[in-house]
Amino acid sequence: METIQLTTQAVDVADWRRDEEFAEYPEGARDKTLLYCPLPKPYNFLKADHRYLFKRSSPRYPEQFWVEIIAYLLGIQMDILVPPAFVAYDSKQNQCGALIEWFLKTPGKLSRETYIPGGDYCQQYIPNFDRKKGTQHSFETVSQIFNDLTQRYPSFNINWHDYWAKVFVFDALIGNTDRHQDNWGIIATQTYIDNQPPVSYEKMRISPVFDNGTSMGHEIFPNKFDLAKNQNRLEKYMSKGRHHMKWSLTDTDRINHCELLKKFIDKHPETRATIVDCLHKITYETLKNILDYLTSFDIPVKLTTERSEFMLKLLQFRHQRLLSELEK
């Protein structure tokens with residue numbers, strides 16, 4: 001399928017049909033609506049009659065939705081599975097947002113996919129797990145969960161070490177601080193045969209790397225963009241970034257993105273090549289081309305040149321820092 005969205009092809013979702021039973025996606029701070037792509041589809045990069053999430057920005061940060069689209073384009077370059085995200089707007093509501101391809105298949109007569117968020121598993125493994133804040137969210141527990149899934153379900157024959165290697169390096173590059181317990185999970189297939197009770201978990205896979213909007217300095221207002229011009233201020237800003245996931249259940253604090261990667265590589269040294277290879281798949285030119293492309297879309301809430309240049313400096317700084325730390 002063609003996945004290139006031309007800069008003249010911003011998608012107007014004003015007349016798209018809503019999924020009124022939408023309740024499967026993790027709750028979050030930003031408004032979102034689940035919609036069905038029309039038949040026939042308006043552009044080749046879309047899937048007819050497939051569901052898409054129209055995700056708006058936080059009112060405080062109107063350009064935030066662009067981060068989801070940048071993340072998708074970075075994922076393509078880095079060979080990391082991020083849900084396709086396209087530039088969209090609602091002409092009737094005067095709203096702009098990211099149009100994100102729903103990662104669950106449309107339910108059919110014979111099968112249905114169900115998303116099981118990581119928080120459901122954490123509650124099974126950790127007594128009194130704080131589901132709202134996820135303060136006990138740790139890779140130590142995640143490892144136990146995935147080891148058990150591998151042993152319990154023959155269909156779960158996935159290299160989950162490689163999956164988390166890519167998640168962690170992706171989050172480190174974009175500075176994502178919101179990979180909480182419900183922003184990863186398992187997609188299980190239920191099969192229906194001759195009106196019998198469904199066969200659960202016949203097939204299982206890990207969710208793509210979704211919900212990437214809390215990153216890339218989205219919270220920095222334009223009058224603070226000059227922080228990217230100062231090496232010391234950039235260092236300070238980056239050092240404050242913490243992954244949502246702690247390393248160990250007994251840790252009191254969350255861990256810096258780069259330190260999390262180092263701990264992960266120490267634990268699973270075979271993943272170093274995967275992590276470094278992901279970083280080598282992008283360059284300054286890659287980052288600049290993505291951002292220049294997106295600033296060319298003419299919609300009510302544009303990605304401004306000023307924010308684009310700020311994001312470029314942040315991403316390039318993180319990229320070079322990660323390579324220098326991980327290639328020692």
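**Close-up views of a predicted model**

View 1. In β4, Leu53 is the bridge partner of Leu34. The model is predicted, so local features need pLDDT of at least 70 and side-chain atom pairs count only at pLDDT 80 or more, while totals for chains, interfaces and linings use all residues. Residues are numbered from 1 along each chain as its sequence is written, and side-chain values use heavy atoms, with hydrogens and water left out. Strand β3 (residues 32-36) and strand β4 (residues 51-55) pair in the antiparallel sense over five bridges. Two strands pair if DSSP finds at least two bridges between them; strands (E, at least two residues) and helices (H or I, at least four) are DSSP runs, numbered from the N terminus.

**View 2. The open sheet.** Six strands with mixed pairing form an open sheet in the order β1-β5-β6-β4-β3-β2. β1 (11-12) and β2 (17-18) stand at the edges with a single partner strand each, so one side of each has no neighbour in the sheet.

**View 3. Helices α4 and α7.** Helix α4 (residues 160-174) packs against helix α7 (residues 272-280) at an angle of about 40°, with the axes 9 Å apart. Axes are lines fitted to C-alpha atoms, for helices over the stretch in contact, and angles run from 0 to 180 degrees between N-to-C directions. The two helices, α4 and α7, are therefore oblique to each other (angles under 35 degrees count as roughly parallel, over 145 as roughly antiparallel, 65 to 115 as roughly perpendicular and the rest as oblique). Asp162, Ala165, Lys166 and Val169 in α4 meet Thr274, Ile275, Cys278 and Leu279 in α7, where contact means heavy atoms within 4.5 Å.
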